[in-house]
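Open the model in your viewer and keep the selection panel at hand. The tour goes stop by stop.

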Amino acid sequence: MGIFILSLVDTPLFLLAPIPLAIAVDSVLGAKPVPSFLHAALPHSLTRNQLLMAAAGLQVLIVLLTNLRALISQVLETSTSERLTLSFRSRLFSHVQRLSFTFHDRRGTTDSLYRIQYDTPALGGVTVECVIPIISAGITLVSVFYVIVGINVGLAMIALAVAPPLGLLSARFKNKIRVQYNESKQLDSSAMAVVQEALSTFRVVKAFGREDAEHQRFLRHADRSVAAKIRLSWTQGLLSLLVDLVTAFGTGAVLYVGVRDVQSRVLTLGELLIVINYVSRLYSPLRTVARKLADLQGSLASAQRGFEILDEEPEITDRPDARSLGHAVGNIELRGVSFDYNGEQRALRDVSLVVPAGTRVGISGRSGAGKTTLVSLLMRFYDPTLGAILLDGVDLREYRIADLRSQFALVLQEPVLFATSIRENIAYGRPGAALDDIVAAAEMSEAHKFITALPNGYDTLVGERGMRLSGGERQRISLARAFLKDAPILILDEPTSSVDVTTETAIMETMRKLMEGRTTFMIAHRLSTLQHCDVTLEIESGRLSTPGIVRPPTESVRPAIQTPDAEIEGCHSATQLLATFFADYPDYRKATPRSDEK
């Protein structure tokens, strides 16, 4: 509102600007009385010299007020624009984090990042730099035209004759400019994607000596972006040229007719100077409207890209009557679960599995067999295409998402650390945890010793993605995070594949403690990694290769430690467990039929 009020103040200052010159010409050099609206402000008996000094003082006052208004307006515009940008950027960032994995799988992260960072300022541009200036220019245009009509109607109509051609030019160019803005933004985003990809995988790039190749790939994308911006600049420059040319014709026509009127004594010289000054000021808002309408297309194109993300609906959402969940027991059942990506790639096929609470399940299989997809469904990163997954007898889709995911602790193949302190990384799943609890978790993961040896201990910054620490140290911090969260269900996705055998042995001993009393799903290629599991299941082409009934864990089924190539002793096969389970629970088969019997 303040910006709009200041834009209205600009109009009277705009109209007053040529008055001192008119007084000097007509009232000091000539004999014409000063304008009537100044009679009350000026003494009646002024010498010509005093009148000239008053005109000069008025000139200084007008310049001072004009620039003071511009200063205040600039601060308000910057403040408003930045606050709008921050609000829009914050809303986009929050929304993007809530969108489903399917959206991010399809679009990638760079496009969203570009829109959040570089397209969001457009909202402030639309409001502050386009809409308000256009409204202000319209008010100024009407005011100046009214003043010119009061001096000479003919000159006013000649001056206004340029308005229709300017409107046609603006309408002709606006769609073209909007399309070119969209193209430029998309190409900018693709060039940024190359940079992000190369920098996030710089070890691979360096290992294969592909720095020059990645540089050339960036240049190919960037060159297309530069070409698009040049085309856009040409279009905008051509519009500006045509607008100035049309207004120049208008000014020339007014000058020609005005001089003829002075020669025929229809106008005084001072009145002609005022008219010429006002005509230039009349064309200024006309040019502003024409150009801002074109600029508006660019801002609208960027704003549209931001709103496109806001229009995306998360696929995984809470039901209106979703249940709350405090602390789960940990019984998990999959009933005929199938899942495909984007309706094309079938990742899981009719998987049925019953896992009692506290059971440690090892999952093996070739790459791409569907192991990670299975645990992603457990955490409801995706919903099954067919079938259902139950936690403690309730479909996952009936729980509140936040409550459901609080039941899981996750340890990944590549430990995920954030560029902050070790303390904050350990407490990531339990914000606000006391330092004593953080230290206790680090001790259980055997990370405390190396942490305290660091210069700043738990306040040591780990760097981007934890690169200041070794792979084993990063994994131990990841395990400490899981200890601290103390969730009833544990997901271990290839937790030792990126460390050496000695480190793996030490980490596995730590994970054995972590798995105690928790329902655990451990994914691994090496059988030795699964040696602490109660049962091992294999997935082939999205199917379980063995029946999916798992007996509750007992000491008799705990495996002995074997070499990587040995068979796992002490773990029953799923078939043996199934027979034993049916012997102990004869009514279970009727209560929970396998998918092939449904």
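**Stop 1: the largest pocket**

The lining of the largest pocket divides into 24 nonpolar residues, 13 polar and six charged. Keep in mind that this is a predicted model. The space in this pocket comes to about 1,800 Å³. Select Gln97, Phe101, Phe381, Phe418 and Tyr428: of the 43 lining residues, these are the closest to the pocket's centre.

**Stop 2: the open sheet**

Stay with β6 and β7, and show the sheet they belong to. Six strands form this open sheet, in the order β6-β7-β8-β3-β9-β10, with mixed pairing. Look at the edges: β6 and β10 (543-544) each have a single partner strand, so one side of each lacks a neighbour in the sheet.

Strands of a sheet pair through backbone hydrogen bonds, parallel or antiparallel. Now select β8, residues 519-523. On one side, β7 (residues 489-493) pairs with β8 in the parallel sense over five bridges. Strand β3 (residues 360-364) also runs parallel to β8, joined to it by four bridges.

Which residue of β8 is the bridge partner of Leu490? Pick Thr520: it is the partner of Leu490. Thr520 is also the bridge partner of Arg360.

**Stop 3: the two faces of β8**

Show the side chains of β8. In a regular strand, side chains alternate between the two faces of the sheet. Here Thr519, Phe521 and Ile523 point one way, while Thr520 and Met522 point the other way. Are these residues buried or exposed? On both faces, all are buried.

**Stop 4: aromatic pairs**

A pair of aromatic rings is described by the distance of the centres and the angle of the planes. The structure holds four aromatic pairs. Start with Tyr114 and Tyr118: their ring centres are 5.0 Å apart and their planes stand at 40°, so this pair is tilted. Both residues sit in helix α5, four residues apart, which separates them by about one helical turn. Tyr118 is partly exposed, with a relative accessible area of 44%.

Move on to Phe339 and Tyr382. Their ring centres lie 5.1 Å apart with planes at 50°, so this pair is tilted too. Phe339 belongs to strand β1 (residues 332-341), and Tyr382 to the loop between α12 and β4 (386-391), so the pair ties together parts 43 residues apart in sequence. Phe339 and Tyr382 are both buried.

**Stop 5**

Finish at Val131, in helix α6 (residues 121-151). Val131 is partly exposed, with a relative accessible area of 36%. Val131 and Leu296 are 165 residues apart in sequence, yet 8.0 Å apart in space, C-alpha to C-alpha.

Note on methods:
Residues numbered from 1 in each chain as written. Predicted model: local features only at pLDDT ≥ 70, side-chain atom pairs only at ≥ 80, totals over all residues. Heavy atoms only, no water. Buried < 20%, exposed > 50% of the residue type's maximum accessible area, 1.4 Å probe, protein only. Pairing = 2+ DSSP bridges. 1 Å grid on protein atoms, 1.4 Å probe; cavity = no way out; pocket = protein on both sides within 12 Å on 5 of 7 lines; lining within 4 Å. Points joined across faces, edges and corners; volume = space filled by probe spheres on them. Nonpolar A, V, L, I, M, F, W, Y, C, P; charged D, E, K, R; others polar. Phe/Tyr/Trp six-rings, centres within 6.5 Å; stacked < 30°, edge-to-face > 60°.
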